[in-house]
2 protein chains.
Amino acid sequence: MTLDEKISTDTLSKTRLRLWLRLLKLTGSIEAELRRRLRDQHGTTLPRFDVMAALARHPEGLKMSELSTFLRVSNGNVTGVVDRLTEDGLACRVAFPGDRRAQVARLTEAGKAEFAALAVDHESWINDMLDGFDEDEAQHLLALLSASTEGGPRP
Amino acid sequence: MTLDEKISTDTLSKTRLRLWLRLLKLTGSIEAELRRRLRDQHGTTLPRFDVMAALARHPEGLKMSELSTFLRVSNGNVTGVVDRLTEDGLACRVAFPGDRRAQVARLTEAGKAEFAALAVDHESWINDMLDGFDEDEAQHLLALLSASTEGGPRP
DNA sequence: GCCTAAAATTTCAAGCTTGAAATAAAATTC
DNA sequence: GAATTTTATTTCAAGCTTGAAATTTTAGGC
């Protein structure tokens with residue numbers, strides 16, 4: 001590697017690090033605000049919202065391990081969050097035909113109604129918090145973020 | 001609001017939501033991979049790394065509430081993470097002159113050495129995980145992300 | 001100087017999160 | 001068919017995180 005190559009690589013490395021820190025700052029602050037509003041206005045939490053959102057997209061329900069894969073969290077975490085949603089009457093577990101190990105988590109009618117209200121607010125809040133981006137900028141960012149990082153980082 | 005305005009607003013709202021979900025996916029997957037590598041290769045955690053990084057930038061140390069403000073986490077959280085860093089000999093608490101309530105957290109020599117190694121790997125990993133962005137794209141993203149969202153969302 | 005309000009940190013309860021162990025059930029191999 | 005391996009979920013220990021209460025200390029008002 002020539003000296004110019006090294007300097008160039010080091011510069012790019014620093015730029016990517018700054019980009020990463022900027023991304024973290026943006027998503028961190030939005031996430032913190034989402035958590036605050038979910039707690040204050042709906043008495044719920046972001047992980048519960050995430051689980052409900054996943055189940056809302058699958059009206060027939062999801063197996064616990066499907067849910068953990070979909071949300072990219074551990075099986076144990078999903079067990080705990082679904083436990084609490086079930087205790088609150090917003091979700092239920094039903095048996096999976098043909099496999100007594102497996103269970104399907106599903107939103108109840110109450111859960112669907114609650115999520116419908118949450119989803120409206122959630123979209124409105126995100127729209128509000130990203131109002132610095134107009135349609136062109138948002139589409140541009142989406143294109144930049146999707147083309148180069150399909151599938152996220154490699155382990 | 002005319003119908004065209006409404007349609008336009010709804011479209012922009014959906015685009016911002018899609019942008020948000022894309023940002024979350026990207027930062028979530030990078031963060032998860034960082035956590036995994038920090039644990040496997042350094043036996044540490046991301047919150048500890050964050051605290052060490054903050055203290056590394058302030059060689060004289062930071063007061064506990066300064067640290068919680070800097071990292072945008074609660075005072076209780078900072079207490080716990082600094083406790084564990086102190087137990088591991090990587091940080092220490094020293095009295096703050098003139099105010100017996102306050103304490104200053106500071107990296108020890110061992111902590112500084114450990115952080116030096118962590119920082120090198122951290123930058124290398126980020127560089128690796130964002131290698132889909134060349135210098136132009138990274139600079140462009142930085143510009144887009146910084147101009148429109150200075151200071152993050154408003155509460 | 002005494003009293004009250006504010007500040008700095010820790011403690012606490014509750015929720016979240018991981019990764020591994022435990023348990024029960026299904027699949028595979030022989 | 002029995003034994004072994006794999007799978008699905010829960011349980012567990014450890015760490016993280018919040019926001020409020022508790023405690024100690026400082027600052028300000030009278």
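**A helix, its salt bridges and the contact between chains**

In chain B, the residues B:Glu31 and B:Arg35 form a salt bridge, with their closest N and O atoms 3.7 Å apart. This is a predicted model, and the distances and areas that follow are computed from it. B:Glu31 and B:Arg35 are separated by about one helical turn, because they stand 4 residues apart in helix α1 of chain B. With a relative accessibility of 25%, B:Glu31 counts as partly exposed, and B:Arg35, with a relative accessible area of 41%, is partly exposed as well.

B:Leu46 lies in helix α2 of that chain, and once its neighbours within four places in sequence are left aside, the residues in contact with B:Leu46 are B:Glu31, B:Arg35 and B:Leu38. B:Leu46 has a relative accessible area of 7% and is therefore buried, the limit for that word being under 20%.

At 2% relative accessibility, B:Leu55 counts as buried. Its contacts, apart from neighbours within four places in sequence, are with B:Leu62, B:Leu67, B:Ala105, B:Arg106 and B:Leu107.

Returning to salt bridges, we can turn to chain A. There A:Arg36 forms a salt bridge with A:Glu33, and the closest N and O atoms of the pair are 2.9 Å apart. These two residues are 3 residues apart in helix α1 of chain A, so about one helical turn separates A:Arg36 from A:Glu33. In this pair A:Glu33 is buried, with a relative accessible area of 8%, whereas A:Arg36 is partly exposed at 33% relative accessibility. Salt bridges that share partners join both of them into one network, whose members are A:Glu33, A:Arg36, A:Arg37, A:Arg39, A:Asp40 and A:Asp128. Over all chains, a search of the whole structure finds 22 salt bridges.

In a salt bridge that joins the two chains, the side chains of A:Glu123 and B:Lys14 meet, at 2.8 Å from N to O. Seen by element, α1 (3-42), α5 (109-129) and α6 (135-148) of chain A each supply at least two residues of the side of chain A that touches chain B. Of these, α1(A) gives the most to that side, with 23 residues. Sorted by class, the side of chain A that touches chain B has 20 nonpolar, 14 polar and 18 charged residues.

The partners of the bridge between chains can be described in the terms already used for the others. A:Glu123 is buried, with a relative accessible area of 15%, while B:Lys14 is partly exposed, with a relative accessible area of 46%.

The contact as a whole takes 52 residues from chain A and 52 residues from chain B. The size of an interface is often given as the accessible area lost when the parts come together. Here chain A and chain B bury about 5500 Å² between them, with 65% of it on carbon and sulfur atoms. Counting residue pairs in polar contact between the two chains, with both residues at pLDDT 80 or more, gives 18.

Finally, the arrangement of the two copies can be described. Chain A is superposed on chain B by a rotation of 180° with 0.0 Å of shift along its axis, at an RMSD of 0.0 Å. That is the relation of a two-fold axis. Of the interface residues of chain A, 100% are also interface residues in chain B, so the copies meet through the same surface.

Note on methods:
Residues are numbered from 1 along each chain as its sequence is written. Chains are lettered from A and ligands numbered from 1 in the order in which they are written. This is a predicted model: local features need pLDDT of at least 70, side-chain atom pairs count only at pLDDT 80 or more; totals for chains, interfaces and linings use all residues. Side-chain values use heavy atoms; hydrogens and water are left out. Contact means heavy atoms within 4.5 Å. Buried area is the accessible area (1.4 Å probe) that two parts lose on being put together, summed over both. A salt bridge is a side-chain nitrogen of Lys or Arg within 4 Å of a carboxyl oxygen of Asp or Glu. A polar contact is a pair of N or O atoms within 3.5 Å; within protein, one must be able to donate a hydrogen and the other to accept it, and residues adjacent in sequence count only if both atoms are side-chain atoms. Ala, Val, Leu, Ile, Met, Phe, Trp, Tyr, Cys and Pro count as nonpolar, Asp, Glu, Lys and Arg as charged, and the others, Gly among them, as polar. Copies are superposed by least squares on the C-alpha atoms of residues with pLDDT of at least 70 in both. Buried means under 20% relative accessible area, exposed over 50%, partly exposed in between (1.4 Å probe, protein chains only).
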